Amino acid sequence: KTKRNETKYMITFLDAGIATSLQPNDRKNLRDLFKAVVLNDGYTAGALMIERARFERCSSIPGGKEKFASGVQDIVSEFHDRRKQGLTLGAVRIGALLAKVLDLCRVYQVEIDPAMSSIVISMMVLEGLGRSLDPDLNLIKSAIPFLMGKV
C-alpha cells in the first residue's frame with residue numbers, strides 16, 4: 001500500500017516459449033561442462049567445449065586450443081571471484097559471462113551445439129526473471145541436485 005492507502009500491483013510476464021529437450025548425450029555434455037564451471041576448472045570446461053563441438057577451427061590455429069581454454073578459464077575465474085559477494089543472482093551477471101563465452105566461440109570458431117544454444121538463451125532469460133523474483137538465490141546450492149544427477 002502507498003501513502004495514500006492505494007494498493008500497487010506488479011504484473012510479471014513469463015515467456016514460456018523457449019523449451020528444449022536434451023538427448024542423453026547432450027545432457028551428459030551439459031552436466032560435465034557445468035560441473036567444470038562450478039568446480040572452477042574453466043580450462044577443462046574450454047577443452048570440453050572444443051572436444052565435443054561438432055565443428056571447430058581453433059585446433060588449426062597455432063596455440064588455439066590452449067588460448068580458447070585459457071579464455072574460458074578467465075571467464076570462469078571471474079564468475080568465481082564474485083563469491084566474495086556470494087554467488088547469488090543479485091551478484092552474478094550470468095548473461096554477461098555467457099556473452100563473453102559466445103564471443104570466444106566466435107573468435108576461435110568453436111561451434112555451439114543447437115541444443116546448448118537454446119540452453120544459453122533460456123539461461124539469459126531466466127536470469128532476469130530469477131533476479132526480479134529472488135536476487136538472493138544461491139546459484140551453487142541450487143545447482144547441486146543437477147550436478148549430482150538427481151535431476
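How many salt bridges does the structure hold?

Analyst: The structure holds 5 salt bridges, a salt bridge being a side-chain nitrogen of Lys or Arg within 4 Å of a carboxyl oxygen of Asp or Glu. This is a predicted model, in which local features need pLDDT of at least 70 and side-chain atom pairs count only at pLDDT 80 or more, while totals for chains, interfaces and linings use all residues. Residues are numbered from 1 along each chain as its sequence is written, and side-chain values use heavy atoms, with hydrogens and water left out. The chain averages a pLDDT of 79, and 75% of the residues score at least 70; pLDDT is the predictor's confidence in each residue, from 0 to 100. Among the elements of the chain, α2 has the highest mean pLDDT (94) and helix α6, residues 139–147, the lowest (69). Helices (H or I, at least four residues) and strands (E, at least two) are DSSP runs, numbered from the N terminus.

One of the salt bridges joins D32 to K28, with the closest N and O atoms 2.7 Å apart. Both residues belong to helix α1 (residues 24–38), and because they are 4 residues apart, about one helical turn separates them. D32 is partly exposed at 22% relative accessible area, and K28 is partly exposed at 42%. Here buried means under 20% relative accessible area, exposed over 50%, and partly exposed in between (1.4 Å probe, protein chains only).

E51 and R52 form another salt bridge, at 3.8 Å from N to O. E51 is exposed, with 60% relative accessible area, whereas R52 is partly exposed at 29%. K28, D32, E51 and R52 are linked in a network of salt bridges.

K100 and E78 also pair, at 2.8 Å from N to O. K100 is partly exposed at 38% relative accessible area, as is E78 at 24%.

A nonpolar core is a set of buried Ala, Val, Leu, Ile, Met, Phe, Trp, Tyr and Cys residues joined through side-chain atoms within 4.5 Å. This core has 21 residues, of which M49, F68, V72, L104, C105, Y108 and V110 touch the most other members. Leaving aside residues up to four places away in sequence, V72 touches G42, A45, G46, M49 and L104, contact meaning heavy atoms within 4.5 Å.

The buried residues of α3 include F68, V72, I75 and F79. Those of α2 are G42, A45, G46, L48, M49 and I50, and their cover includes α1, α3 and α4.

C105 is buried at 4% relative accessible area, and C58 is buried at 0%. The structure holds 0 disulfides, a disulfide being a pair of cysteine sulfur atoms within 2.5 Å. The cysteine sulfur closest to that of C58 is in C105, at 9.0 Å, which is too far for a bond.
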